[in-house]
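Look at the fold below and start with one residue.

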Amino acid sequence: MVESNCVIETMGLTKKFRDFWGHTRVIAVDQLDLRIYEGEVFGLLGPNGSGKSTTIKMLLGLLNPSRGLSKVLGQPPGDVKMNKRIGYLPEESYLYPYLNARETLDFYGRIFGLSRAERKSRIDSLIEMVGLTGNTRRPVAEFSKGMMRRIGLAQSLINDPDLLILDEPTSGLDPLGTRQIKELIVELGQRGKTILLCSHLLADVEDVCSRVGIMYGGKLHKLGTLDELLSKSESTQIETKHLSPEAIEKIKEIIQDDQIEIQVPKEKLEDYFLRIVEQAQSEKVATSGALIGGQVSDFLGSAENKPTDMISDLVKGKELSETTAQSDQATTTPITPTKTVDKNLLSSLTKDDKAANQTVPVTSEDIPQEPDKPQVSVDHNLIDQLTDQPDKPAEDSQDDDAEKDR
């Protein structure tokens, strides 16, 4: 049963991708039980292929689950009325390249049925908010990746959503833009917006999220607030602006000083995340996603496998051949011809050369003649009859006229 302030709830949500024969090829999401409450900034973390994007697609109704149930804003995924209350920024912004920033936001405002006055007001506000005031007339195709993320974020907020799903919102942004987006996320959470954030930048998640869940192999391995997950209960951290040598000697008395802050130390989210993933891998949890890489391949940077310089090799080869030739000339004993010469052999060789160089005259008898064509006799009488044939009707007509006169 969905609680009144529960915006997203999944119960045993599972997605299996099958091959042509219907056999399970990949279990992308496996028995996911998750609740995200109103006004919460929730971070969904995990390595590549852990099931984060598949989970988002099922919550948006873009994929049907293989098993399990899910509720978004109290309705099943894909409900039209529910979709009007959702803003979504995908990992890659797919916008019409020939529209400029203002036309893009106006297009999506029309889809949500906003009036002309309301669209203009919201477009002006959003463009100023994401820092694109000086680029409203430029086509989106000319935008850099960081500017694409900015206009994509504005597009996800044009309908004033109750639930905002952000997939890598700070990807491609400069440090200033990253800081602005993080401050915006925090402020939207304070205004009562529910935000589901997916990001590989754990420092950003640590700055803005109140609760996180870590997925691996399609399963949710850890869930809780940052204080619950990162606090080191086995130690205590004391922080002070300045500690004098006298204070060090009287440490027990200094602890009672009001200027000293005593708190439980926390672990970095990045260290905690890597530890959970390594633990899951050591337990050989099945996953269809990427694994932690190993050492650098041996062939990278190896002198034995470096590509050779062909020009250098040719120069070295030429120098080596010249050196070898010189050494051969220095060490080889010249051969002196023998005094006895076979004159008959020389004469035969020279005669052959002369015979080969002489031109042989060609006569007409040597040229092959075409075979004689058979003689055809012509019947000239037959030709005369054929040529005189058209004139006979005229003579016949003259004879008929003579008979009529008689």
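## A serine and its contacts

Ser70 is in contact with Glu9, Thr10, Leu13, Leu59, Gln75, Pro76 and Pro77, leaving aside its neighbours within four places in sequence. The model is a predicted one. Ser70 lies in strand E4. Is Ser70 buried or exposed? Its relative accessibility is 10%, so Ser70 counts as buried, the cut-off being under 20%.

## The chain as a whole

The protein chain has 406 residues, and 33% of them are buried. Its secondary structure comes to 15 helices and eleven strands. The accessible surface is about 28100 Å². Carbon and sulfur atoms hold 52% of that surface.

Residues 24 or more positions apart account for 68% of them.

## A covered strand

Strand E3 covers residues 41-45. Five of its five residues are buried, and the strand is mostly covered. Side chains in a regular strand alternate between the two faces of the sheet. In E3, Val41, Gly43 and Leu45 point one way. Phe42 and Leu44 point the other way. Both groups are buried.

Which strands pair with E3? One is strand E7, residues 194-198, which pairs with E3 in the parallel sense over four bridges. Here Leu44 has Cys198 of E7 as its bridge partner. The other is strand E8, residues 211-216, also parallel to E3 and also joined over four bridges. In E8, Ile214 is the bridge partner of Leu45.

What does Leu45 touch, not counting residues up to four places away in sequence? The list is Lys52, Ser199, Leu202, Val205, Val212, Gly213, Ile214, Met215, Leu269 and Phe273.

## An enclosed helix

Helix H5 runs over residues 145-157.

Twelve of the 13 residues of H5 are buried, so the helix is largely enclosed by the rest of the structure. The buried residues are Gly146, Met147, Met148, Arg149, Arg150, Ile151, Gly152, Leu153, Ala154, Gln155, Ser156 and Leu157. What do they pack against? Their partners are strand E5 (86-89), helix H3 (101-111), helix H4 (116-129), E6 and H6.

## Two positive phi angles

Leu73 is not a glycine, yet its phi is positive, near 55°. Leu73 sits in the loop between strand E4 (67-72) and helix H2 (80-83). With a relative accessibility of 14%, Leu73 counts as buried.

Glu168 is not a glycine either, and its phi is positive at about 55°. Where is Glu168? Its place is the loop between strand E6 (163-167) and helix H6 (175-190). Glu168 has a relative accessible area of 8%, so it is buried.

Conventions:
Residues numbered from 1 in each chain as written. Predicted model: local features only at pLDDT ≥ 70, side-chain atom pairs only at ≥ 80, totals over all residues. Heavy atoms only, no water. Contact = heavy atoms within 4.5 Å. Buried < 20%, exposed > 50% of the residue type's maximum accessible area, 1.4 Å probe, protein only. Areas by Shrake-Rupley, 256 points an atom, 1.4 Å probe, with all protein chains shown as cover. Expected span 1.5 Å × (residues − 1). Pairing = 2+ DSSP bridges.
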